[in-house]
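This briefing concerns the helix packing and the nonpolar core of the structure shown below. Please read it alongside the sequence and the coordinates.

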Amino acid sequence: MAAQELTPTRYIGHHLTNRTISLGEGPFWTLHLDTLVTAVLLGIFAFGLLWWVVRGATSGVPNKRQAFVELLVEFVDDQVKGIFHGSRNFITPVALTVFVWVLLMNAMDFLPIDIMAWVYENLFQQHNWKGVPT
């Protein structure tokens with residue numbers, strides 16, 4: 001079987017159909033497993049990072065990590081204060097969670113995915129492992 005040339009259209013088509021589960025008719029009911037796994041792993045990473053900072057929090061002079069998290073909390077609280085004029089006891093933590101999650105999902109663009117795919121392909125091919133993550 002001859003190797004087919006990889007064009008941008010085929011590359012994108014592969015990423016849109018690889019590792020998907022269809023739950024119903026139409027594209028709306030399609031779950032992309034690699035996206036879901038990445039989102040869950042980033043959520044666990046975000047909670048772990050915030051937990052790590054909170055465990056080391058001190059009153060008085062904060063360290064750099066604590067100052068960064070306090071800056072995030074103040075930023076999100078100011079945004080919520082400007083939009084929502086009721087009790088913010090529930091809204092601010094939810095908004096902070098969504099903000100950190102969206103920030104991390106957008107930061108995924110900085111990862112060299114194609115380089116990692118090459119590493120996985122060469123490593124997994126040598127050990128006869130199935131599948132290359134996308």
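The largest nonpolar core consists of eight residues, namely Leu-42, Ala-46, Leu-72, Val-76, Val-80, Leu-96, Val-100 and Leu-104, where a nonpolar core is a set of buried Ala, Val, Leu, Ile, Met, Phe, Trp, Tyr and Cys residues joined through side-chain atoms within 4.5 Å. At least two residues of this core come from each of α2, α3 (64–83) and α4. The model is predicted, so that local features need pLDDT of at least 70 and side-chain atom pairs count only at pLDDT 80 or more, while totals for chains, interfaces and linings use all residues. Residues are numbered from 1 along each chain as its sequence is written, and side-chain values use heavy atoms, with hydrogens and water left out.

**Overall architecture**

- The protein chain contains five helices and two strands, these being DSSP runs numbered from the N terminus (H or I of at least four residues for helices, E of at least two for strands).
- Along the sequence, the elements of the protein chain follow the pattern α-β-β-α-α-α-α.
- Of the 134 residues in the protein chain, 13% are buried, where buried means under 20% relative accessible area, exposed means over 50% and partly exposed lies in between, with a 1.4 Å probe and protein chains only.
- Among the contacts in the protein chain with a separation of 6 or more, 34% are between residues 24 or more positions apart, a contact being heavy atoms within 4.5 Å.

**Packing of α2 against α4**

- Helix α2 (residues 33–55) packs against helix α4 (residues 91–107) at an angle of about 120°, with the axes 10 Å apart; axes are lines fitted to C-alpha atoms, for helices over the stretch in contact, and angles run from 0 to 180 degrees between N-to-C directions.
- That angle makes α2 oblique to α4, given that angles under 35 degrees count as roughly parallel, over 145 as roughly antiparallel, 65 to 115 as roughly perpendicular and the rest as oblique.
- The crossing of α2 past α4 is right-handed, a term for a near helix turned clockwise from the far one by less than a right angle, whereas anticlockwise is left-handed.
- On the α2 side the contact is made by Ala-39, Leu-42, Gly-43, Phe-45, Ala-46 and Phe-47, and on the α4 side by Thr-97, Val-100, Trp-101, Leu-104 and Met-105.
- By class, this contact of α2 with α4 has nine nonpolar, two polar and no charged residues, with Ala, Val, Leu, Ile, Met, Phe, Trp, Tyr, Cys and Pro counted as nonpolar, Asp, Glu, Lys and Arg as charged, and the others, Gly among them, as polar.
- Leu-104 is in contact with Leu-42, Phe-45 and Ala-46, when its neighbours within four places in sequence are left aside.
- Ala-39, placed in helix α2, counts as buried at 12% relative accessibility, and Ala-39 touches Trp-101 and Met-105, not counting residues up to four places away in sequence.
- Although Ala-39 and Leu-104 are 65 residues apart in sequence, their C-alpha atoms are 9.0 Å apart in space.

**Packing of α3 against α4**

- The axes of α3 and α4 come within 9 Å and cross at roughly 120°, which makes α3 oblique to α4.
- α3 passes α4 in a right-handed crossing, and the contact involves Leu-72, Val-73, Phe-75, Val-76, Asp-77 and Val-80 of α3 together with Ile-91, Thr-92, Ala-95, Leu-96, Phe-99 and Val-100 of α4.
- The contact of α3 with α4 has ten nonpolar, one polar and one charged residues by class.
- Thr-92 lies in helix α4 and is buried, with a relative accessible area of 11%; leaving aside neighbours within four places in sequence, Thr-92 is in contact with Val-76, Asp-77 and Val-80.
- Ile-91 is also placed in helix α4 but is partly exposed, with a relative accessible area of 31%, and Ile-91 is in contact with Val-80 and Phe-84 when neighbours within four places in sequence are left aside.

**Packing of α2 against α3**

- α2 and α3 pack at an angle of about 120°, with their axes 9 Å apart, and here α2 passes α3 in a left-handed crossing.
- Leu-50, Trp-52 and Val-53 of α2 make this contact with Arg-65, Gln-66 and Val-69 of α3, and by class the contact has four nonpolar, one polar and one charged residues.
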